[in-house]
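Let us walk through a protein model together, one stop at a time. Keep the structure open beside you and find each residue as we reach it.

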Amino acid sequence: MHGVSEVQVVHTAELPTTTLEAARALLDEAFDGDFSDEDWDHSLGGMHALIWEGAELIGHASSIQRRMIHNGRALRTGYVEGVAVRADRRGRGHGAALMGAVERVVQGAYDLGALSAAEAAAAFYAARGWQSWQGPSFALTPAGVLRTAEEDDSIFVLPLAIPLDLSGELTCDWRDGDLW
């Protein structure tokens with residue numbers, strides 16, 4: 001990792017409005033305008049990993065708390081959201097540095113790490129030790145448990161102390177927008 005700046009890790013509550021605005025702009029740009037208000041909301045309320053070049057934010061990732069149900073047990077889950085590095089700064093180790101920071105948060109505070117990966121990012125997460133969930137996925141919704149088959153191939157987990165059956169069922173808690 002050549003030239004990687006220090007990663008700042010801070011809770012949403014401690015971020016000034018200007019930093020939140022910079023993070024949202026970075027994510028909008030990185031996801032080519034396909035980053036909704038709900039996606040942004042999903043990135044808030046937890047710990048943010050930020051990389052700056054001078055006064056310019058070039059990388060962001062966050063870990064927020066969610067509940068996943070697996071094998072009849074509710075697991076406190078560090079769910080990774082809003083991972084992005086500015087396009088002209090990719091390939092320099094910034095994504096790995098961001099993920100290292102959020103993985104330390106997840107490993108220190110949760111039973112499980114989880115995320116939903118874009119197809120282009122799947123190999124990146126797998127190389128870091130994240131495992132592809134092989135079983136069926138569900139969401140606990142206001143109308144009951146809903147099968148989320150369209151998400152099955154995008155879910156990755158970071159197993160910690162709790163034994164997991166990667167071919168078993170995994171159910172996420174409810175939220176507006178994308179459930180995973």
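**A guided walk through the model**

The names H and S are used for helices (H or I, at least four residues) and strands (E, at least two), which are DSSP runs numbered from the N terminus. Before we go on, note that this is a predicted model, in which local features need pLDDT of at least 70 and side-chain atom pairs count only at pLDDT 80 or more, while totals for chains, interfaces and linings use all residues. Residues are numbered from 1 along each chain as its sequence is written, and side-chain values use heavy atoms, with hydrogens and water left out.

Back to Asp 32. Its phi of about 50 degrees is positive although Asp 32 is not a glycine. Most residues other than glycine have a negative phi. Asp 32 sits in the loop between H1 and H2, and with 72% relative accessibility it counts as exposed. Here, buried means under 20% relative accessible area, exposed means over 50%, and partly exposed is in between (1.4 Å probe, protein chains only). Another residue to look at is Asn 71, which is not a glycine and has a positive phi near 55 degrees. You will find Asn 71 in the loop between S3 and S4, and with a relative accessible area of 59% it is exposed.

Now turn to helix H1 itself, which covers residues 17-30. How far apart are its end C-alpha atoms? They are 20 Å apart, which agrees with the 20 Å that 14 residues should span at 1.5 Å a residue; the expected span is 1.5 Å times one less than the number of residues. Which residues of H1 are buried? They are Thr 19, Ala 23, Arg 24, Leu 26 and Leu 27. Looking down the axis of H1, you see these buried residues fall within an arc of 160 degrees, so they line one face of the helix. The arc is that of the directions from the helix axis to the C-beta atoms. On the other side of H1, Thr 17, Thr 18, Glu 21 and Glu 29 are exposed. Contact here means heavy atoms within 4.5 Å.

Arg 24 forms a salt bridge with Asp 28, and their closest N and O atoms are 3.1 Å apart. A salt bridge is a side-chain nitrogen of Lys or Arg within 4 Å of a carboxyl oxygen of Asp or Glu. Both residues lie in H1, 4 residues apart, about one turn of the helix. An α-helix has 3.6 residues a turn, so residues three or four places apart point the same way. Arg 24 is buried at 17% relative accessible area, whereas Asp 28 is partly exposed at 25%.

How many salt bridges does the structure hold? It holds 11. Among them is the one between Arg 86 and Asp 88, with closest N and O atoms 2.6 Å apart. Arg 86 is buried at 11% relative accessibility, while Asp 88 is partly exposed at 41%. Asp 88 also forms a salt bridge with Arg 89, at 2.7 Å between the closest N and O atoms, and Arg 89 is buried at 16%. Salt bridges that share partners join Glu 53, Glu 56, Arg 86, Asp 88 and Arg 89 into one network.

Next, find Tyr 79 in strand S4. Is Tyr 79 buried or exposed? Its relative accessibility is 0%, so it counts as buried. Leaving out residues up to four places away in sequence, Tyr 79 touches several residues, including Ser 62, Ile 64, Met 68, Leu 115 and Trp 180.

Our last stop is Glu 103, in helix H3 (residues 94-109). Glu 103 is buried, with a relative accessible area of 8%. Apart from its neighbours within four places in sequence, Glu 103 is in contact with Arg 128, Trp 130 and Leu 158.
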